[in-house]
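Hi everyone, thanks for coming.

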Amino acid sequence: MARRTPLNEAHRKLGARMVDFVGWDMPVQYSSVIGEHETVRTAVGLFDVSHMGEVEFKGPGALETVNALISNDLSRISDGQAVYAGLLTEQGTFVDDIVAYRFSPEHIFICVNSSNREKDFAWMKEHARGVKPVDRGDDYAQIAVQGPKAAGLVQRLTKTDTSKIGTYRFAEGEVAGVKSIISRTGYTGEDGFELYCAPDDAVKLWDALLTEGQQDGVKPCGLGARDSLRTEMKYALYGNDIDDQHTALEAGLGWIVKLDKPTFIGKDALVAQKAAGVKRKLVGFELTGAGIPRHGYVINKDGKQVGEVTSGTMGPSVKKAVGIGYVPAELASEGSTFDVEMRGRQVPAVVVKTPFYKKP
């Protein structure tokens, strides 16, 4: 039976269409994917992301322990900041992509993907040298408040000065009377917050945001809009665009890899790959013919398969069919062309600069 978040009944009362998503009963949409997508781009949308996992490291040496596990560098940020990073294999490929929060050098909190909750925790437990991880996945619900009106909405419900919480920074406070971690992060390309709270408080927080947000045009949003929003930004999705078969450098995520750090799992492989030259790269492209690229479609050049589409959609904001996929390095530069195979048709495509969507 699919697992349920603390907001499951709230979604059903709102008429959400529910689907099984990596073993969780989740809302894919409430009204329409395009309508929810546009609400996030122009106003504010609410997402239940309580299916995500959380892992905590507490005690002397927590920062050093986690820093040896992740590709980014927690020693370069201050308390109250977070980093996007990879948990990598010895080959430099992905176990998962995560966000690590630095509360203090003795308290590091990590958010992992829902599909990898158990795997990631087991991997951290096996590889942690020093402080041992604690699985806190069932101790938190998480609500993402995203869109140009998100900051105003959250500010009206908290005494915490959200203007002092910059991007990839966080604070502890109360929102609508609910004790929360208020994190200026998201997966949509818009401003906003991800609010972590106790599962028992999730409905109170969700309802308060929906009620207070009526003046902003708030809408609850499902997984469909979450996917189209992140695809327009070329944000990687684990299992599609990043996995244990592609390295962080191939995925264009060299910026989250600090090769000058003394050590982390996967470092040696990435140093060697960088020296040898990356042979394939993850690119963004748009179709110049009719169709919509989808995960798994074959990419051809001169009739020969050279790659595969990892994500694709008809972008509601860009009004174009856009996709992401791995191609040989020589086809990765802007303006390069290839074909995407769709039911036997070869549809022309061109590599473009990303993100596909840029704020007006």
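Let me start with a question: which residues does the UniProt annotation "domain: Aminomethyltransferase C-terminal" cover? According to that record, an unreviewed entry, the answer is residues 280-358. UniProt positions are given here in the numbering used for this model, with feature names shortened, and such annotations may be inferred rather than shown by experiment.

Before going further, a word on what you're looking at. This is a predicted model, where local features need pLDDT of at least 70 and side-chain atom pairs count only at pLDDT 80 or more, while totals for chains, interfaces and linings use all residues. Residues are numbered from 1 along each chain as its sequence is written, and side-chain values use heavy atoms, with hydrogens and water left out.

Okay, the overall picture. The protein chain has eight helices and 19 strands. Along the principal axes, the C-alpha atoms fill a box of roughly 60 × 50 × 40 Å.

How much of the chain is buried? Buried residues make up 59% of the 360. Here buried means under 20% relative accessible area, exposed means over 50%, and partly exposed is in between, using a 1.4 Å probe and protein chains only. As for contacts, meaning heavy atoms within 4.5 Å, look at those with a separation of 6 or more: 65% of them come from residues 24 or more positions apart.

Now back to the annotated spans. Over residues 280-358 the chain is 0% helix and 58% strand, with the end C-alpha atoms 26 Å apart. UniProt also places "domain: GCVT N-terminal", again from an unreviewed entry, at residues 8-261. That span is 24% helix and 30% strand, and its end C-alpha atoms lie 42 Å apart.

Let's zoom in on helix H7, residues 223-232. Why call it largely enclosed by the rest of the structure? Because nine of its ten residues are buried. Among them are Leu223, Gly224, Ala225 and Arg226. And what do those buried residues pack against? The partners are strands E1 (17-21) and E2 (24-29), helix H2 (33-42), and strands E3 (45-48), E16 (304-315) and E17 (320-328). Phi of Lys234 is near 55 degrees, a positive value in a residue other than glycine.

Gly315 is buried, with a relative accessible area of 0%. Leaving aside neighbours within four places in sequence, Gly315 is in contact with Glu232 and Lys320, and Glu232 is one of the buried residues of H7. Gly315 and Tyr357 are 42 residues apart along the chain, and their C-alpha atoms are separated by 8.6 Å.

While we're in that part of the sequence, which two residues does a cis peptide bond join? They are Thr354 and Pro355, with omega about 5 degrees. Pro355 sits in the segment after strand E19 (345-351).

Next, the loop between E1 and E2, where you'll find Val22. Phi of Val22 is near 40 degrees, again positive in a residue other than glycine. Val22 is partly exposed, at 41% relative accessible area. One residue that touches Val22 is Ser114, which also touches Phe21, His51 and Met52, not counting residues up to four places away in sequence. Ser114 is in the loop between strand E7 (107-112) and helix H4 (117-127), and at 7% relative accessibility it counts as buried.

Last stop: Gly166, in the loop between helix H5 (150-156) and strand E10 (170-175). Is Gly166 buried or partly exposed? Partly exposed, with a relative accessible area of 24%. Gly166 and Asp216 are 50 residues apart along the chain, with 22 Å between their C-alpha atoms.

Notes:
Helices (H or I, at least four residues) and strands (E, at least two) are DSSP runs, numbered from the N terminus.
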